[in-house]
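Thanks for coming, everyone. Please look at the model on the screen while I talk. I'll take the helices, then the strands, then the domains.

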Amino acid sequence: MENCIKKHILSIASEADVESYPDHLTEFTVPKLLENIDAPKEEIIKEVNDLEKSGKLIMKSPYLTMVCPSCGSPDPFSKMVCPKCGSQNLKVEGTGVECRNCGLHTSVQEALTFVCKTCGKSFGLGNAKWIALGSLSSRGAVDVEPISRAIMDLGFYPKRCQTIRGASGVNHHYDFAFEHDGSLRVVDVRVDVKGVNISELIEFLSKVFDSGIKEAYFIAVPKLNLSINAGKNNVKVIEAPDLEKASELLKHILTERGISSKIVH
Ligand SMILES: [Zn+2]
Ligand SMILES: [Zn+2]
């Protein structure tokens, strides 16, 4: 699952930067990724964090946003309050503040109070929490979007990171999956400049078998490191020099097999 989610995050963020927004449950959220990847939000956010730490995902033009230290909600409102008596009847002079109620002399920093619009708790500058937001980019990552577009061009909505429980009880993950005539078609994409290792195909064949999939596509870019006859005709191996070419081939094969929701007789 991990590899599949990471692959799609990097691919989506390599086409166009992905904006992050504050979120009280997971600190930040990335709606574009959540809409496109079929995995729980927490898992996607965790992978984004991982990818950022490893430098594969880069936060461009980051900025800090203040969030409530209690509940994590953004955009608290601010007011000036006397830290001693709580009065808002203050006289501000430069960076100094004088309380008209109790006479306390203090600084603007000390009197500045933030109030959370969600949970109502108030907090000072000293205990405010800050999170970094910005647009996430993964320039140079493997971009599997052409495959996604090829499937969409035929009128399907491909699910990313589809999980299928096999007959053996093991959960298998597929890069893309879509339904046609009530049965699921799956697509896995492997890219390796030195040639995709044959063991990847063997693993694919066994998980397709275990999942009981009737039709599966294995895309190897630019090619497999060994030429074999995949044998089973429910698995189609597509070798192509790049992903654009691979997506054309996939579209061509699917169309030839009559797998399109757009064909009108
Ligand atoms: Zn006061
Ligand atoms: Zn709050």
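A definition to start: a crossing is left-handed if the near helix is turned anticlockwise from the far one by less than a right angle, and right-handed if clockwise. Helices here are DSSP runs of H or I with at least four residues, strands are runs of E with at least two, and both are numbered from the N terminus.

Now the ground rules. This is a predicted model: local features need pLDDT of at least 70, side-chain atom pairs count only at pLDDT 80 or more, and totals for chains, interfaces and linings use all residues. Residues are numbered from 1 along each chain as its sequence is written, while chains are lettered from A and ligands numbered from 1 in the order in which they are written.

Helices first. Helix 5, residues 145-153, packs on helix 7 at an angle of about 25 degrees, and their axes are 8 Å apart. Axes are lines fitted to C-alpha atoms, for helices over the stretch in contact, and angles run from 0 to 180 degrees between N-to-C directions. Helix 5 and helix 7 are therefore roughly parallel, a term for angles under 35 degrees. The crossing of helix 5 past helix 7 is right-handed. Who makes the contact? Helix 5 gives Pro146, Ile147, Arg149, Ala150 and Asp153; helix 7 gives Leu243, Glu244, Ala246, Ser247, Leu250 and Lys251. Contact means C-beta atoms, placed from the backbone, within 7 Å.

Two strands pair if DSSP finds at least two bridges between them. His180 has Ser183 of strand 14 as its bridge partner.

Next, strand 9, residues 112-115. Four bridges join it to strand 5, residues 77-80, antiparallel. Three bridges join strand 9 to strand 10 (122-124), also antiparallel. Follow Phe114: this residue is the bridge partner of Ser78, and Phe114 stands opposite Phe123 in strand 10.

Last, domains. The assignment, automatic or from a database, gives domain 1 (1-74 + 128-141), domain 2 (77-115) and domain 3 (144-260). The C-alpha centres of domain 2 and domain 3 are 64 Å apart.

Notes:
Angles under 35 degrees count as roughly parallel, over 145 as roughly antiparallel, 65 to 115 as roughly perpendicular and the rest as oblique. Two residues are in contact if their C-beta atoms, placed from the backbone, lie within 7 Å.
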